[in-house]
Amino acid sequence: MPYLRLLALLLTGIILVPSGAHLLELPGKASLDASTYFAVQAIYAGWSGFAIPIVAAILANGSLAWLERRAAPRRARWAAASAILTLLSLGVFFVWVLPANQATSNWTVKPADWTALRAHWEYGHAASAGLVFLAFLSTALATVRSGSSSDAGA
């Protein structure tokens with residue numbers, strides 16, 4: 001079980017990195033003109049590879065929740081919360097970010113409503129970053145709290 005806890009924490013930490021990067025770049029990109037914004041968006045080519053650790057984090061936290069449910073129910077609840085929060089961040093991606101990517105052909109085509117799409121993309125990532133941060137905190141609580149059979153103090 002200690003290895004699964006460590007894996008869940010590691011994977012959730014890994015997915016916090018791109019989420020945090022998107023959040024931190026938002027103020028700098030908010031006022032860019034169209035040509036500069038579209039040029040900057042090219043740096044995200046290949047970031048779809050982060051889908052692997054996202055799915056792995058959901059599975060690791062879900063597995064941790066399942067395996068801890070009887071021996072350490074508080075740990076299990078924190079791990080389950082992390083899996084749910086990470087799933088919610090995916091929901092934000094599919095509702096706000098992906099449609100903007102599709103409407104702009106991954107920011108290579110500038111439609112007339114590109115500023116609205118930019119807002120969906122940027123604020124969708126910001127919301128996702130908040131959810132992933134909460135997921136990371138939940139995983140941390142699931143992994144570092146004492147886990148006696150009675151789950152006392154956890």
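This tour moves through the aromatic rings, the charges over rings and the nonpolar cores of a predicted model.

Residues are numbered from 1 along each chain as its sequence is written, and side-chain values use heavy atoms, with hydrogens and water left out. Because the model is predicted, local features need pLDDT of at least 70 and side-chain atom pairs count only at pLDDT 80 or more, while totals for chains, interfaces and linings use all residues.

**Stop 1: the ring pairs**

Rings of Phe, Tyr and Trp (its six-membered ring) pair if their centres lie within 6.5 Å; planes under 30 degrees apart are stacked, over 60 edge-to-face, and the rest tilted. The count here is 10 aromatic pairs.

Select Phe38 and Trp114. Their rings are edge-to-face, 5.7 Å centre to centre, with 65 degrees between the planes. The pair links distant parts of the chain: Phe38 is in helix H2 (residues 34-41) and Trp114 in helix H5 (residues 114-144), 76 residues apart. Helices here are DSSP runs (H or I, at least four residues), numbered from the N terminus. Phe38 is buried, at a relative accessible area of 12%. Trp114 is buried too, at 11%. Buried means under 20% relative accessible area, with exposed over 50% and partly exposed in between (1.4 Å probe, protein chains only).

Next, select Tyr44 and Trp121. This pair is tilted: 5.2 Å centre to centre, 45 degrees between the planes. Tyr44 sits in the loop between H2 and helix H3 (51-68), Trp121 in helix H5, 77 residues apart. Tyr44 counts as buried at 14% relative accessibility. Trp121 is buried at 3%.

Ring pairs join Tyr37, Phe38, Tyr44, Trp47, Phe50, Trp107, Trp114 and Trp121.

**Stop 2: charges over rings**

A charge sits over a ring if NZ of Lys or CZ of Arg is within 6 Å of the ring centre and within 35 degrees of the ring normal. Select Arg118: it lies over the face of Tyr37, 5.3 Å from the ring centre. Then select Arg69, which lies over the face of Trp66 at 3.6 Å from the ring centre.

**Stop 3: the nonpolar cores**

A nonpolar core is a set of buried Ala, Val, Leu, Ile, Met, Phe, Trp, Tyr and Cys residues joined through side-chain atoms within 4.5 Å. Select the largest: its 11 residues are Leu4, Ala8, Leu11, Ile15, Ala57, Ala60, Leu64, Ala65, Ala79, Val132 and Ala142. Helix H1 (2-29), H3 and H5 each give two or more residues to this core. Apart from it lies another core of 10 residues, including Ala34, Trp107, Trp114 and Leu117.
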